[in-house]
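Let's take a walk through this one, piece by piece. Have the sequence and the 3D view open as you read.

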Amino acid sequence: MLLEMDRNNAATTEPDPAFRADVLSGLSAPQKAVPARWFYDRRGSELFEAITDLPEYYPTRTERALLERHAPDVARIAGEGRAVVEFGSGSSAKTPLLLTAIDPSAYVPIDISGDFLRESAAALSQRFPGLPVHPIEANFMHPIALPPAIGRAPRLGFFPGSTIGNLTAPTAVDLLRAMAGTLGVGAMLLIGMDRVKDEAELVAAYDDAQSVTAAFNLNLLHRINRELGGDIPIEAFRHVARWNDGEARIEMHLEAESDVGFTVSGQRFAMRRGETIHTENSHKYGQRGARLMLAAGGWTTIAEWTDPQNRFAILLAEV
Ligand code: AVJ
């Protein structure tokens, strides 16, 4: 219990050096920016779960419906008995849809957040008794050695949620190459990608009527203040979501509504009214762009499924 409390009360522990370094360098840049991966502390993960239930946020429910409908097609093409390797498994909410259809030889969830990983791996083991589950706590941006215990059967990578959309093209391509390296000879990859669509629909998905996404974005400032000893005046900031057409992405920013000065980790920063901290990119893809990016990362698309409104796609690719 004491351990649990210590872990949740960051003031009593050392700040994560990577978080500190990213925030200090990000706030020192001409366009202030903090990488989107720092959204996901406990509260941030809860708020993201709430986002996935919002009426405006179509990606999660659209992808789930696609997996429900097409997991048997994936199983038919990929064949049974592959080990399924999930990247950024998080809560593994969509995994049972795939595992039920494909009857894998093993399941390997990979995530940087060890707490979440072990909880969801345990829940999955209960649901699929007899399935070997081997969670790995790691950053999947680099190739990872898979446990020998999963055997040599070809692997099926699973990367749902359009998480790849957080990355710019060069980084996304590096990631796809790292995944090919991790998965090895004969591998396939099932990946979810959000589609380019009507601007109003995209903006609404990232600026919902209940302001849950605003709370998710602003929570980053609370996290900085708490974990890095900051005094950012959070009420002086507002959530902004805008479509960047040239880059085909939704951008989230935190905009200062007045001139502000603050300290983070002993360092002083100033922002003018209207200046922003860029907190997230969420890239959207057309059919060609999706395939082109996969190809650049070493993957040939062999099947693709989308919903009737072409809002979201799941693609199956092979090395
Ligand atoms: C988890 C990166 C897929 O980009 O849609 C949701 C995160 N940000 N609402 C996305 C997010 C604001 C989400 N991804």
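**Around helix α9**

Helices (H or I, at least four residues) and strands (E, at least two) are DSSP runs, numbered from the N terminus. Keep in mind that this is a predicted model, where local features need pLDDT of at least 70, side-chain atom pairs count only at pLDDT 80 or more, and totals for chains, interfaces and linings use all residues. Residues are numbered from 1 along each chain as its sequence is written.

Back up into α9 itself, residues 212-227, and you'll find a bend of about 25° at Leu218 (the angle between axes fitted to the seven residues ending there and the seven starting there). Its buried residues include Thr213, Phe216, Leu220 and Arg223; buried means that 20 or more other C-beta atoms, placed from the backbone, lie within 10 Å of the residue's own.

Thr213 also turns up around the ligand, along with residues including Ile51, Tyr206 and Glu280.

Now hop over to strand β2 (residues 83-87), where five of five residues are buried. Ala83, Val85 and Phe87 cover one side, Val84 and Glu86 the other. β2 pairs in the parallel sense with β3 over five bridges, and pairing takes at least two DSSP bridges between two strands. Phe87 has Ile110 of β3 as its bridge partner. β2 also runs parallel to β5, over four bridges, with Ala83 partnered by Arg155.

How values were computed. Near = placed C-beta within 6 Å. Buried ≥ 20, exposed ≤ 12 C-beta atoms within 10 Å, placed from the backbone.
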